[in-house]
Amino acid sequence: MRRVACLVPILTLAWSAPLAAQSAPDPTAPLVASGCTGCHSLDGAPNQGPTFQGLYGSHRGVYRDGERVTVVADDDYLRRSIATPDLEIADGYDPGFMPHVSRDDAEFDALVAALAAVPSSTTPASGTWWPLCLGLFLFVFGHLALSSAPLRGPIVARIGEKGFSGLYSLVAFAGVGLVVWGYPLASYYLIFEPPTWTRWIPNLIVPIAFVLMVAGFTTPGPTSVGQADRAGAGPRGIHRITRHPALWGFALWGLAHVPPNADLKSSLLFLGVAFLAFAGMVHIDLRRAARPDDHAWEQYEKQTSVFPFVAIAAGRTSLVWKEIGIWRVLAGLLAWAAMLHLHRLVIGVSALP
Ligand code: HEC
């Protein structure tokens with residue numbers, strides 16, 4: 001696939017070379033004429049190479065001799081990138097794709113000037129947004145609506161628990177499918193240029209989020225599926241810190257990813273997940289509280305808190321480190337380390353600061 005995709009820019013290059021002789025009023029014309037736009041978009045759209053939109057003057061994460069450094073995309077950097085493309089590899093891209101072409105000074109100057117003239121990210125977001133937005137809407141509100149008492153009860157009465165699970169999965173899959181399909185269709189739109197230090201936010205918070213998720217999923221408790229009657233036993237382990245550990249994990253994971261990305265479509269995705277997690281906490285609590293005579297839950301709510309450490313600080317329960325289980329912490333950190341390692345492969349960008 002890669003090889004075939006490479007042919008397109010090369011053919012564009014060959015076809016457009018004669019056009020280069022004609023001077024065009026568009027300042028970015030040299031980039032089109034030299035075939036650069038076969039691999040680099042001018043509007044933020046993804047392609048073989050990084051987009052030129054917002055490139056000039058921005059901070060770039062590049063690999064130089066295998067080490068990640070941040071550079072400013074000034075005239076010098078751009079000239080180096082064109083003359084010796086494999087010297088510095090833009091983060092998330094592979095070496096060896098950008099063609100080496102020998103040029104004279106005037107040609108270099110023209111290309112650099114053209115790069116500087118590419119409109120920056122203030123151009124309005126375009127592309128097709130409805131599949132991404134509809135997918136997120138289905139995923140978030142489908143989850144919440146289907147598990148709400150007024151919908152769940154009647155549906156289960158009609159099609160049974162199994163049928164309900166099927167419907168639930170169907171809605172979730174439709175949402176995820178639309179998001180996966182729609183994500184690349186929506187164009188990239190940078191809300192603000194994120195400072196490099198924001199990359200530390202997920203690197204510090206996501207390990208905690210992973211531990212919360214692992215501990216949340218593996219600690220038996222009354223908010224887990226099918227364990228509603230566990231409230232009577234009182235909180236244990238991670239539930240003494242918060243009664244919704246796994247949901248906190250998802251919320252923190254989502255929120256922590258927004259600042260270093262700072263673009264519209266990924267922010268929508270991350271905030272959607274975080275919103276669903278927070279709404280889920282409120283929703284589960286409300287549903288349980290609505291059951292008449294559920295004194296065990298009433299008691300459990302008093303002994304725990306939604307916000308981490310609040311019940312402990314108020315003296316309504318005490319922190320028992322041993323109950324959390326060191327293996328849960330280690331498993332969470334291990335899962336995080338694996339994801340950090342795979343980040344570049346799976347997501348396309350390195351997650352390291
Ligand atoms: C066959 C595809 C291809 C073509 C054609 C191509 N490039 Fe690239 N270019 C890439 C890839 C892939 C990268 C990222 C890897 C790297 O940094 O070398 C890149 C990186 C760059 C960078 C660094 C961008 C950054 O985000 O830091 C600049 C600048 C650049 N190219 C300019 C040009 C110019 C100017 C032309 C036309 C003369 C051109 N490229 C033609 C594939 C291509």
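This is a predicted model: local features need pLDDT of at least 70, side-chain atom pairs count only at pLDDT 80 or more; totals for chains, interfaces and linings use all residues.
**View 1. The shell of residues around the ligand.** The ligand is surrounded by 27 residues, and the closest of them are Cys36, Cys39, His40, Tyr77 and Met98. Sorted by class, the shell around the ligand consists of 17 nonpolar, six polar and four charged residues.

**View 2. Polar atoms beside the ligand.** His40, which is listed among the closest residues, has a polar side-chain atom 2.8 Å from a nitrogen atom of the ligand.

**View 3. Helix H3 against helix H4.** The axes of H3 and helix H4, which spans residues 105–117, come within 10 Å and cross at roughly 120°, and because of that angle H3 counts as oblique to H4. H3 passes H4 in a right-handed crossing. On the H3 side the contact is made by Asp75, Leu78, Arg79, Ile82 and Ala83, while H4 brings Asp105, Phe108, Asp109, Leu111, Val112 and Leu115. The residues of this contact of H3 with H4 divide into seven nonpolar and four charged, with no polar residues.

**View 4. Helix H5 beside helix H9.** Helix H5 (residues 130–146) and helix H9 (residues 264–289) pack with their axes 9 Å apart and at an angle of about 10°, which means that H5 is roughly parallel to H9. From H5, the residues Leu132, Leu136, Phe139, Val140, Phe141, His143 and Leu144 meet Lys265, Leu268, Leu269, Gly272, Phe275, Leu276, Ala279, Gly280 and His283 of H9. By class, the contact of H5 with H9 holds eleven nonpolar residues, four polar residues and one charged residue.

**View 5. Helix H8 beside helix H9.** Helix H8, covering residues 245–261, and H9 have axes that come within 8 Å and cross at roughly 155°, so the two helices are roughly antiparallel to each other. Their crossing is left-handed. H8 makes the contact through residues including Leu247, Trp248, Phe250, Trp253 and Asn261, and among the residues of H9 in this contact are Ser266, Phe270, Leu271, Phe278 and Ile284. The contact of H8 with H9 has 15 nonpolar and six polar residues, and no charged residues.

Conventions: Residues are numbered from 1 along each chain as its sequence is written. Side-chain values use heavy atoms; hydrogens and water are left out. A residue is near a molecule or strand if one of its heavy atoms lies within 4 Å of it. A polar contact is a pair of N or O atoms within 3.5 Å; within protein, one must be able to donate a hydrogen and the other to accept it, and residues adjacent in sequence count only if both atoms are side-chain atoms. Ala, Val, Leu, Ile, Met, Phe, Trp, Tyr, Cys and Pro count as nonpolar, Asp, Glu, Lys and Arg as charged, and the others, Gly among them, as polar. Axes are lines fitted to C-alpha atoms, for helices over the stretch in contact, and angles run from 0 to 180 degrees between N-to-C directions. Helices (H or I, at least four residues) and strands (E, at least two) are DSSP runs, numbered from the N terminus. Angles under 35 degrees count as roughly parallel, over 145 as roughly antiparallel, 65 to 115 as roughly perpendicular and the rest as oblique. A crossing is left-handed if the near helix is turned anticlockwise from the far one by less than a right angle, and right-handed if clockwise. Contact means heavy atoms within 4.5 Å.
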